[in-house]
Amino acid sequence: MSRILRTLQHRGATLGSAEGQRARLAALPVGRTFERALTESGHWPLRATGVGILQINVGKRCNQTCKHCHVDAGPDRREVMPRVVVEGVLAFLEHAQIPVLDITGGAPELHPDFREIVVRAAGLGAHVMHRCNLTAVLLPNYADIPALLAEHRVEIVASLPYFQGRETDAQRGDGVFEESIESLRRLNALGYGRGTGLVLDLVTNPVGTFLPGDQGALERRWKGEMRRRYGIEFDRLYTITNMPVSRFLEFLDERGQAEEYLTRLVTAFNPAAAAGVMCRNTLSVGYDGQLYDCDFNQMLELPVDARVPQTIFEADRALLGGREIVVGPHCFGCTAGAGSSCGGAVA
């Protein structure tokens, strides 16, 4: 039995727990720490440059169970943002005048207050972004949501691993690709992705243990293929690196590729990407109201620096806007190659 596993069992933790994942990543022999990489590139300590985006994870309920999911979301998850936290988020959005609200999950549509969050946030003047898996809005109880999003000019960021069915279904489940295409056609019919100002972005991540290709080149190819094959239009393609967190870390461990993959990320460290990582202008809110530097830190249970407000109920934009970012080995995923963020490539 490994030293890590013995230590975790002594603490009552498992390799699948947040503590277990942190220990597993810290134990991988990859040559240097992220702190050292930042120091050598002149970026240590990494600090926020403000709070321009408030990203809220409204829970882990999802109608899909994707193999790469860093949230470990699925139909059996019960974590849902309670009403008191929803009110705290909207109150902070209003009094701090945060310009962008980015709603993620799980499948955010499954939250009972999703529609209200969208309507009230848009009413406050915020630009609202909805991270969509494309299939949840096909469920009967949620079929009205695309029209609601269009009415309030919500930007849709839709995940689609590939423009063909085999690769997409291998990652997301049988039949997901066909349903995703149907959903995209419905969004196009509402005006999304057709130059109307209703923005439809697609997000792709590699179906495997390698870095994404060039975002610009991939976007040109995807636009041609999606138009030719399916008659679908969209605005931008974002490429995102698979993060060694939760299910993808388990995937790597099962194949004995965790060290190889993290080493690949470390070797590809790009100082220019480190300067532009999303945590510098984004504040992440967990379903329970805890504050994090990013959604990945949230899943690893690494809250914001202890010297700044810890929950949405005491959040202060000025204090949080200059905070020191909490980092770990997983951060190499955001700084490898062209970099990776919720808005695609960084550099």
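**Notebook: salt bridges, sheet and core**

I began with R120, which counts as partly exposed at 31% relative accessibility. My cut-offs are under 20% relative accessible area for buried, over 50% for exposed and partly exposed in between, with a 1.4 Å probe and protein chains only.

I note that this is a predicted model, in which local features need pLDDT of at least 70 and side-chain atom pairs count only at pLDDT 80 or more, while totals for chains, interfaces and linings use all residues. Residues are numbered from 1 along each chain as its sequence is written, and side-chain values use heavy atoms, with hydrogens and water left out.

**Entry 1: salt bridges**

I looked up the partner of R120 and found a salt bridge with E116, with 2.8 Å between the closest N and O atoms. I count a salt bridge when a side-chain nitrogen of Lys or Arg lies within 4 Å of a carboxyl oxygen of Asp or Glu. E116 is also partly exposed, at 29% relative accessible area. R120 and E116 stand four residues apart in helix α5, so about one helical turn separates them. For elements I use DSSP runs numbered from the N terminus: helices are H or I of at least four residues, and strands are E of at least two.

I then searched the whole structure and recorded 27 salt bridges. R307 pairs with D305, the closest N and O atoms being 2.7 Å apart. Of these two, R307 is exposed with a relative accessible area of 65%, whereas D305 is buried at 15%. I also traced one network, in which salt bridges that share partners join R83, E87, D113, E116 and R120.

Next I took the pair D293 and R323, whose side chains meet in a salt bridge at 2.5 Å, N to O. The pair links distant parts of the chain, 30 residues apart: D293 is in the loop between β8 and α13 (295-299), and R323 is in the loop between α14 (317-320) and α15 (332-335). D293 is buried at 0% relative accessibility, and R323 is buried at 1%.

**Entry 2: the sheet**

I read the strand order of an open, eight-stranded sheet as β6-β5-β4-β3-β2-β1-β7-β8, with mixed pairing. β6 (236-239) and β8 (291-292) are at the edges with a single partner strand each, so one side of each lacks a neighbour in the sheet. I treat two strands as paired if DSSP finds at least two bridges between them. Strands β1 (residues 53-57) and β7 (residues 282-285) run parallel and are joined by four bridges; I53 has T282 as its bridge partner in β7.

**Entry 3: the nonpolar core**

I define a nonpolar core as buried Ala, Val, Leu, Ile, Met, Phe, Trp, Tyr and Cys residues joined through side-chain atoms within 4.5 Å. The largest has 98 residues, and L54, I56, L184 and M226 have the most contacts inside it. Helix α4 (residues 83-95) supplies the largest share of this core, six residues. Apart from this core lies another of six residues, including V100 and Y238.

I listed the contacts (heavy atoms within 4.5 Å) of M226. Leaving aside neighbours within four places in sequence, M226 touches L160, F163, I181, L184, L202, G231, I232 and F234.

**Entry 4: helix α7**

Which residues of helix α7 (residues 165-172) are buried? I found E167, T168, D169, Q171 and R172. β4 (155-159) and α8 (176-189) are among the elements that cover them. Just after α7, G173 takes a positive phi of about 120°.
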